[in-house]
Amino acid sequence: MSSIDNIEVDITVELGATVMPIHHLLRMGRGAVIELDATEQDPMRIYANSTLIAEGDISVDDGQLRVVVAQKVLKRG
């Protein structure tokens, strides 16, 4: 087994973001709606270990939800 097979990567897909006071968050109940800073046409941000690596689109195929990578984000530095 190759040592690269044992590397774990935390993948996060962000649909949008918002800022709100913690007391608003604590008062939310089931079914609450949180308004995000993105629309359904905006690309999702894909992170690997908290680093932005790509943007993608959401797709539903045969009842399966998936994220399709649309473009890589180049790290500048």
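User: What makes S59 the residue that stands opposite R66 in strand 4?

Analyst: In this predicted model, S59 faces R66 of strand 4. Strand 3 (residues 51-61) and strand 4 pair in the antiparallel sense over eight bridges. Strands themselves are DSSP runs of E with at least two residues, numbered from the N terminus.

User: Why are strand 1 and strand 4 said to stand at the edges of the sheet?

Analyst: Four strands form an open sheet in the order 1-2-3-4, with antiparallel pairing. Strand 1 (11-14) and strand 4 (64-72) each have a single partner strand, so one side of each is left without a neighbour in the sheet. Direction ignored, neighbouring strands here are turned by 35° against each other on average, the axes being lines fitted to C-alpha atoms.

User: Why is S50 called exposed?

Analyst: Exposed means over 50% relative accessible area, buried under 20%, and partly exposed in between (1.4 Å probe, protein chains only). S50 has 67%, and therefore counts as exposed. S50 is found in the loop between strand 2 (44-48) and strand 3, and has a positive phi of about 70° although it is not a glycine.

User: How do you know that D62 is exposed?

Analyst: The relative accessibility of D62 is 73%, so the residue is classed as exposed. D62 lies in the loop between strand 3 and strand 4, and its phi is positive, about 50°, although D62 is not a glycine.

User: Which conventions apply to the numbering and the model?

Analyst: Residues are numbered from 1 along each chain as its sequence is written, and side-chain values use heavy atoms, with hydrogens and water left out. In this predicted model, local features need pLDDT of at least 70 and side-chain atom pairs count only at pLDDT 80 or more, whereas totals for chains, interfaces and linings use all residues.

Technical notes:
Pairing = 2+ DSSP bridges. Axes fitted to C-alpha atoms, helices over the stretch in contact; angles between N-to-C directions.
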